[in-house]
Amino acid sequence: MHNVKVLWGAILALSVGIIVLLSLYLTEMGGAKQPGADQSPGAESSQHVVARIGGREFTQGELAEKLTKHYGAEMLNRMLDREALRLEAKELGVEVSAAEMDRELKQMQQGYDNEEAYFASMQEQLGLSKEEIKEDLHYKLLHERLAIRQIVVSDTEVDQYIQANPELFKQADEWHLHKIILSTLDQAKKAIKAYNSGEDFAILARDRSIDESGSQGGDLGWVEEGDPFQPAPIMEAARKLEVGQISGPIKIKDGYAVILLSEKREKKDQENTVIRESVRKMLALQEGPSLNEYLINIRTKWQAVIVESTLKP
């Protein structure tokens, strides 16, 4: 689950990059010298040196030009999408409630110890602030709410879906796992012996693990039972461990794993109303127009026009 959230965060990172590109583009446009005009402070900014190599200097204007050429159309279209959503929501009186934002954020934070740990991870790994994550989520939810506002899903349809898919609503346990990956069976046995002799698991992982998690002391964080991003043999071994217990050598594709279960918790059942609303929304999205089609329609309604030919798709 942790890996899924990091992947989602990587998608969010695109939003931040687009905003950065926008600022660079505007800097370049502001610095462009108009015919017959004197050199302006903006033009001086455009000539600001941002890098050097082998005597070659790269200016902010050059960087902005390249970024605009390759990403400008994508950036501008995203800006138009968001403005169309804002205008449509204002006209129709559609809003995203704080409660809806909180529910979605809690879903995104599964696999982390708490909210602070989630936001700290997004900041450290992707450079995303709490405010940036919330802004992107706000527009995502607003987009969905607008697209399905006229779609009616009955209670009977919700009941039938839940009854037909009980496995989707089963609550899995979560395990706080630590692992060491070693090349050979002998190395795995030696690591287990060292741990049982009193050596710290995190230090053993740091010094001996060939897996990238070793740099974090082998700490995988909270892992949901059945997590598809972990090898099946590791998940099967974890299921048999008691809290504080270390496994024996586990044969995996890259060698042998040794895992430690430091904590275990049962996921609390979601409130029935939350489950039902989630299903209702999913069914409405399936029945309604595609989200991309909806965006095209409201952009046309609000007369979105890209004037600059080089920024047209």
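Start by selecting helix H3 (residues 60–92) and helix H6 (residues 130–147), which pack at about 55° with their axes 10 Å apart. Axes here are lines fitted to C-alpha atoms, for helices over the stretch in contact, and angles run from 0 to 180 degrees between N-to-C directions. That angle makes H3 oblique to H6 (under 35 degrees is roughly parallel, over 145 roughly antiparallel, 65 to 115 roughly perpendicular, and the rest oblique). Helices (H or I, at least four residues) and strands (E, at least two) are DSSP runs, numbered from the N terminus.

You are looking at a predicted model, where local features need pLDDT of at least 70, side-chain atom pairs count only at pLDDT 80 or more, and totals for chains, interfaces and linings use all residues. Residues are numbered from 1 along each chain as its sequence is written, and side-chain values use heavy atoms, with hydrogens and water left out.

H3 contributes Arg78, Arg82, Leu85, Glu88, Ala89 and Leu92, while H6 brings Glu135, Asp136, Tyr139, Leu142, His143 and Leu146 (contact means heavy atoms within 4.5 Å).

Next, select helix H9 (residues 201–208), whose buried residues are Phe201, Leu204 and Ala205 (buried is under 20% relative accessible area, exposed over 50%, partly exposed in between, with a 1.4 Å probe and protein chains only). On the face turned away from the buried side of H9, find the exposed Arg206 and Asp207. The cover over the buried residues of H9 includes strand E3 (173–182), helix H8 (185–196) and strand E6 (255–266).

Finish in strand E3 with Glu174, which is buried at a relative accessible area of 6%.
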